[in-house]
Amino acid sequence: MTLRLQNVQKVYPSGFIAVNGINLDVEHGEFFTLLGPSGCGKTTTLRMIAGLETPSAGKIFIGGRDFTDTHPRKRDVAMVFQSYALYPHMTVRGNLGLNLEIKGVSRAEIEERLQNVARMLDITLLLDNKPGELSGGQRQRVALGRALIRRPNIFLMDEPLSNLDLKLRERTRTELKKLHETLRVTTIYVTHDQAEALVLSNRIGVMNAGNLIQVGTPQEIYDRPRNVFVAKFIGTPSVNLLNVSVQNLAGLLAIRLTGSEKPLGSILLPVADDVFHRLGPAGTQLILGVRPEAIAVLTEAHAEAVPAEIELVEPMGYVNNIVLRFGKDVQTTADGEPLIAVVTSSESHERGEKAWIRLRPERLVLFDRTSERALAILAGERWEGV
Amino acid sequence: MTGWHAVSSVLTSERAFPRVARSGLSWPKLAAAFVVGLWLFPVYWIVLTSLKPIKEINSAVPSFIFSPTAENYRELFTKFDFARVLMNSLVITFVSCFVVLVLGVPAGYALARMKVPGEKQIALWILSLRFLPPIAVAIPFYILWQDLNLLDTYVGMILIYVAFNLPFAIWMMRGFLADVPVALEEAALLDGLTRLQIILRVVVPVVMPGIASTAIFTFVFMWNEYLMALMLTAFKSVTVPVTIAKFVEPYTVLWGTLSAAVVIQVVPMLVVVFLLQRHIVRGLTLGAVK
């Protein structure tokens with residue numbers, strides 16, 4: 001079923017605005033993730049869709065029908081809770097079958113659906129156990145099964161993987177994706193884990209402080225962040241933010257690190273017509289967002305490279321994270337975080353070595369310094385306005 | 001290992017660990033045994049007295065070895081009609097206990113879950129009813145019960161016991177119910193259960209240990225209650241504690257009958273505690289939430 005949120009707002013009696021007027025359309029069968037840090041309003045939004053919270057304003061449509069004031073019992077949405085919330089006094093069978101039993105589904109059909117779901121989730125042997133006898137991963141499957149067996153209008157998942165250890169979390173993530181590919185039930189998934197969001201979602205909605213900041217496919221969110229917050233929230237290691245100024249060099253956009261004399265030669269690239277206008281007069285201070293993989297670390301001086309020093313090498317297996325520091329005369333990053341480059345581990349770098357960094361012309365974004373909004377994005381070989 | 005090796009190894013270990021420690025007799029254990037003995041001795045003495053003939057009971061030198069007799073018990077049931085008294089106590093206590101739980105669990109749930117203005121004050125006010133010394137209201141209740149024709153009736157006693165124990169039960173259940181994860185109820189709500197179904201099928205089973213504890217407490221309070229029973233009953237609905245006290249007569253104490261009655265009085269309490277403790281031991285929300 002489709003889901004539409006129309007200017008949905010949640011203000012608590014204390015005056016705290018948990019969700020600040022969200023508009024959202026989710027397609028039928030879509031896996032949509034609400035992503036954001038804790039306290040950003042994503043869980044509140046999910047709970048409003050479930051009917052566990054009443055919106056202060058706005059409307060919620062499920063399958064085109066207004067469900068805003070419908071009792072949660074009658075919405076036919078299934079939710080997987082972060083804590084699983086399994087009924088501790090019932091067996092797995094009882095947990096899975098309760099909804100169907102309440103709906104008055106026949107015993108034979110309940111049993112058949114139970115067996116199907118149990119097979120799908122590999123919990124057939126656990127059907128007569130109680131939740132207290134299961135491991136964390138098994139409980140998580142049962143919680144998932146309790147939602148799956150219902151064939152609901154919409155699946156709601158509130159950080160369902162956050163209580164699993166890393167290995168299990170990654171495995172379950174893959175299974176969840178497979179499950180969605182097979183079942184194609186509209187799913188709203190809440191997480192603060194950007195990797196989960198990127199892997200699972202058809203589309204992601206990034207939230208911060210009650211606002212839905214950007215909605216897009218995982219690739220769009222990664223490549224074309226709307227502001228500094230989105231850019232920083234997605235991707236590990238985090239995007240590097242550099243203080244820069246720009247200049248119009250005969251129609252090409254030249255970027256200069258603040259404090260450095262030379263422009264970064266390698267990214268002297270053509271621009272769309274309106275870009276200079278958007279970026280403001282020459283010399284305006286901007287923030288350049290550079291993904292760690294867009295930084296090349298050279299061991300020899302290069303005309304287009306900026307000298308730096310290797311502060312730390314973090315081996316990650318197939319890649320190394322290299323923490324870099326500029327020379328004294330060049331200002332460091334805009335947010336005070338170290339500059340990090342990701343290079344393949346076949347390049348050998350040592351701590352304390354001198355290096356020259358060069359930006360690759362990929363996924364670069366120029367942000368306004370005060371509003372932190374994206375102004376221009378390097379798309380292919382050309383800067384475009386946002 | 002040959003026989004000799006086995007024997008010698010036993011001998012050496014014997015020397016390394018003195019016999020007292022190995023057989024489990026250490027100082028802390030001895031101290032514990034002493035305390036337990038100190039507490040259990042009166043119980044033991046009462047059981048003993050209830051089985052003694054009158055001559056042994058009154059002897060100046062306490063005797064531990066005698067030929068036991070059921071005479072005290074026989075007298076209790078024939079001369080004092082104790083079976084009827086026991087029945088009174090059982091009916092009054094069990095019915096009151098049931099009513100207290102039937103009212104107390106939903107009231108506790110309401111206080112734990114509903115957002116009511118001044119809910120904290122309401123909860124405190126309910127508990128404060130428990131602060132009231134029964135003696136302060138005994139006489140007014142006597143007059144009231146007389147006007148309502150409730151003196152010396154089951155209904156009168158049950159009303160009084162419910163009134164006195166309900167606040168405590170509500171307070172206790174409120175605590176237990178507040179510990180039930182809200183997510184459980186939300187899950188049940190989304191599973192399509194009505195509020196009443198949620199309470200009966202999810203909340204009550206989960207909070208069973210709390211209900212069992214509350215039941216034990218209220219049962220013991222009511223079963224042992226003396227003052228109100230003394231004031232408000234005379235013959236028809238007289239309870240065990242009041243009857244036991246009557247064995248202390250102006251010129252003599254009927255020790256044998258009294259002891260037999262006390263022994264019988266303890267039995268229902270033991271039965272209730274043993275039946276319910278299984279629920280208490282079980283974890284409250286085992287496996288519900290991570």
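Two strands pair if DSSP finds at least two bridges between them. Helices (H or I, at least four residues) and strands (E, at least two) are DSSP runs, numbered from the N terminus. This is a predicted model: local features need pLDDT of at least 70, side-chain atom pairs count only at pLDDT 80 or more, and totals for chains, interfaces and linings use all residues. Residues are numbered from 1 along each chain as its sequence is written, while chains are lettered from A and ligands numbered from 1 in the order in which they are written.

**View 1. An open sheet of four strands in chain A.** The strand order is S2-S1-S4-S5, and the pairing is antiparallel. Strand S2 (17-26) and strand S5 (65-66) of chain A stand at the edges. Each has a single partner strand, so one side of each lacks a neighbour in the sheet. Strand S1 (residues 3-11) of chain A pairs with strand S4 (residues 57-62) of chain A over five bridges, in the antiparallel sense. Look for A:Leu5: opposite stands A:Ile60 in S4(A).

**View 2. A cis peptide bond in chain A.** The bond runs from A:Thr236 to A:Pro237, with omega near -15 degrees. Most peptide bonds are trans. A:Pro237 sits in the loop between helix H8 (228-233) and strand S11 (240-249) of chain A.

**View 3. Positive phi at A:Glu159 and at A:Arg363.** Most residues other than glycine have a negative phi. Phi of A:Glu159 is near 45 degrees. A:Glu159 lies in the loop between strand S7 (154-158) and helix H5 (166-183) of chain A. Phi of A:Arg363 is near 55 degrees. A:Arg363 lies in the loop between strand S19 (354-359) and strand S20 (365-368) of chain A. Are these residues buried or exposed? A residue is buried if 20 or more other C-beta atoms lie within 10 Å of its own, exposed if 12 or fewer, and partly exposed in between, with C-beta atoms placed from the backbone. A:Glu159 is buried, because 20 other C-beta atoms lie within 10 Å. A:Arg363 also counts as buried, with 20 C-beta neighbours inside 10 Å.

**View 4. Chain B touches chain A.** Here 19 residues of chain B are in contact (C-beta atoms, placed from the backbone, within 7 Å) with 26 residues of chain A. On the chain B side, helix H10 (182-190) and helix H11 (195-206) each supply at least two residues. The largest share, six residues, comes from H10(B). This side of chain B has 13 nonpolar, three polar and three charged residues. Ala, Val, Leu, Ile, Met, Phe, Trp, Tyr, Cys and Pro count as nonpolar, Asp, Glu, Lys and Arg as charged, and the others, Gly among them, as polar.

**View 5. Two packed helices in chain B.** Helix H9 (residues 154-178) and helix H12 (residues 208-224) of chain B pack at an angle of about 155 degrees, with their axes 10 Å apart. Axes are lines fitted to C-alpha atoms, for helices over the stretch in contact, and angles run from 0 to 180 degrees between N-to-C directions. That makes H9(B) roughly antiparallel to H12(B) (angles over 145 degrees; under 35 is roughly parallel, 65 to 115 roughly perpendicular, the rest oblique). Among the residues in the contact are B:Tyr161 and B:Phe176 of H9(B) and B:Gly210 and B:Phe221 of H12(B). The contact holds eight nonpolar, four polar and no charged residues.

Methods:
Two residues are in contact if their C-beta atoms, placed from the backbone, lie within 7 Å.
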